[in-house]
Amino acid sequence: MSYVIGLISGTSLDGCDAALIEIEDENGENEGNGENIYLSAFVTLPMPEALRAKILDCCSLSRSDIRLTCSLNAELGYWFAQAAKAVCEKAGVPPKDVECIGSHGQTVYHIPESEGEWLASTLQIGEPAIVAWETGILVVSGMRAMDMAAGGRGAPLVPYAEYLLYRSEKPRALQNLGGIGNVTGLPAGCKLEEVFAFDTGPANMVIDALAKHFYGLPWDDGGEIAAAGTVNEGLLAEWMAIPYVTAPPPKATGRELYGTQFVEAALAAHPDICPEDWLATATRYTAATMEVNYRRYVFPRCPAREVILSGGGAHNMTLRRHIEQLLPECTVLTQEDLGWSSDSKEAVAFALMAHETVKGRPSNVPSATGAGKRVILGNITPAPFRESRRRPLP
Ligand SMILES: Nc1ncnc2c1ncn2[C@@H]1O[C@H](COP(=O)(O)OP(=O)(O)O)[C@@H](O)[C@H]1O
Ligand SMILES: [Mg+2]
């Protein structure tokens, strides 16, 4: 039995999610049915506003600077370590009993494919040596880089865990609603190489930016503002015409397309739309981009009648209503309906992948990332102290 921690701060910059899981795989093999994996504890360490501002500066091509990146790498290391310690405390598991931490880090830039002089590359920061020093636990970090070295896009990585935990005799679609929305298709009784995944479009990124702009709020809690507004069909049609929406997978999007500049340009072009209608339209847009992509690219390969939501957007009731309305043939479930938690899925995934790395097993899904091979992911930072090892040294 192993205790493993997964840490991730996603594109929403809302907080660091930390999951502590228990894995039973005494036989040396992960049976791959998810029945031997338990969530012991989960915490989200809210992101302080000052830290969010620094990360946004670091991600911005016009405002980033190398001294900021250097210092932020260390600052995030301390913050991630704090999240790891908090989840240990909540689970009542001493850090010395933890096998490893899978630390996703904070993505500050991602170039999925080479473009001109820019090589395909990815950068997640949050110094693993600091996480290891502060916790005394071995850290697996930089998990996207090996998939990219193997010719993949480095994303999405979560499908490996989804395959282990959710594959079933029925076809299933797993929809994560983070800053960006992404779907994983698990055809009925699928093999790993039949799993596919791609980003459907924004999930909360545009909604959050509008909630901040009009109301100074971090998000539209429960989707209540959107519920009070009316969808602006003209704006929706304009947004649906963005080529990304109907482009065939594999595809991935992010702040580079749907970040601040996207919202600022839309606000400037439509000065007459009232705040709640902006929120209503952005919320509908998330569901409408899902619908188009499911009909064109998911259902033909995976005729799912169950859509399982995860990520913070699962708490947005207006968004859920739109998804139910646009995909009436599907039952929309959340992680809670399956006995998990919507907020913990990605952190659990990075814990599972770190465990596979420590065991010397691959955990990328080439059919999702485009990598040429299944590879063992990540960089390993050993536990720095003798006494923190689970078994005494000989
Ligand atoms: N109660 C809620 N009501 C509406 N939206 C929520 C709620 N809680 C979280 N969210 C949304 O979820 C986002 C965080 O989701 P998360 O899965 O952590 O995304 P990421 O992986 O991008 O960090 C928030 O920024 C917000 O938009
Ligand atoms: Mg988050």
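Does Leu-13 count as buried, exposed or partly exposed, and how many C-beta neighbours does Leu-13 have inside 10 Å? Leu-13 counts as partly exposed, because Leu-13 has 19 C-beta neighbours inside 10 Å. The scale runs on C-beta atoms placed from the backbone: a residue is buried if 20 or more others lie within 10 Å of its own, exposed if 12 or fewer, and partly exposed in between.

This is a predicted model, in which local features need pLDDT of at least 70 and side-chain atom pairs count only at pLDDT 80 or more, while totals for chains, interfaces and linings use all residues. Residues are numbered from 1 along each chain as its sequence is written, and chains are lettered from A and ligands numbered from 1 in the order in which they are written.

## Overall build

The protein chain has 15 helices and twelve strands. Both are DSSP runs numbered from the N terminus: helices are H or I with at least four residues, strands are E with at least two. The radius of gyration of the protein chain is 20 Å, close to the 21 Å from the globule rule for 394 residues, so the chain is as compact as a globular protein of that length. That radius is taken over C-alpha atoms, and the rule is 2.2 Å times the number of residues to the power 0.38. The C-alpha trace spans about 70 × 50 × 45 Å along its principal axes.

Buried residues make up 49% of the 394 residues. Of the contacts with a separation of 6 or more, 72% are between residues 24 or more positions apart. Two residues are in contact if their C-beta atoms, placed from the backbone, lie within 7 Å.

## Backbone features

Most residues other than glycine have a negative phi, and most peptide bonds are trans. Leu-13 has a positive phi, near 60 degrees. Leu-13 sits in the loop between β1 (2-9) and β2 (15-23). Gly-216, which follows α6, also has a positive phi, near 65 degrees.

Two peptide bonds into proline deserve a look. The bond from Ala-155 to Pro-156 is cis, with omega near -10 degrees. Pro-156 lies in the loop between α4 (143-149) and α5 (159-166). The bond from Pro-249 to Pro-250 is cis, with omega near 5 degrees. Pro-250 lies in the loop between α9 (243-246) and α10 (255-258).

## Helix packing

Two packed helices are described by the angle between their axes and the distance between the axes. Axes are lines fitted to C-alpha atoms, for helices over the stretch in contact, and angles run from 0 to 180 degrees between N-to-C directions.

| Helix pair | Angle | Axis distance |
|---|---|---|
| α8 (233-240) and α12 (275-298) | about 40 degrees | 10 Å |
| α6 (205-215) and α12 | roughly 170 degrees | within 9 Å |
| α1 (49-59) and α2 (66-91) | roughly 140 degrees | within 11 Å |

Angles under 35 degrees count as roughly parallel, over 145 as roughly antiparallel, 65 to 115 as roughly perpendicular and the rest as oblique. α6 is roughly antiparallel to α12. Val-206, Ile-207, Leu-210, Ala-211 and Phe-214 of α6 meet residues of α12 including Trp-278, Leu-279 and Ala-282. Ala, Val, Leu, Ile, Met, Phe, Trp, Tyr, Cys and Pro count as nonpolar, Asp, Glu, Lys and Arg as charged, and the others, Gly among them, as polar.

α8 and α12 are oblique to each other. α8 passes α12 in a right-handed crossing. Leu-235, Leu-236, Trp-239 and Met-240 of α8 touch Thr-281, Arg-284, Tyr-285 and Ala-288 of α12. By class, the contact has six nonpolar, one polar and one charged residues.

α1 and α2 are also oblique. Their crossing is left-handed. A crossing is left-handed if the near helix is turned anticlockwise from the far one by less than a right angle, and right-handed if clockwise. Among the residues in contact are Leu-51 and Lys-54 of α1 and Leu-68 and Trp-79 of α2.

## Burial in the helices

All eight of the eight residues of α5 are buried. Among them are Tyr-160, Glu-162 and Tyr-166. In α6, the buried residues include Met-205 and Asp-208. The buried residues of α6 pack against β8 (180-186), β9 (196-202), α7 (224-227), α10, α11 (260-269) and α12.

Gln-325 belongs to α13 (317-326). Gln-325 counts as exposed, with 11 C-beta neighbours inside 10 Å. The C-alpha atoms of Gln-325 and Ala-287 are separated by 9.0 Å, although the two are 38 residues apart along the chain.
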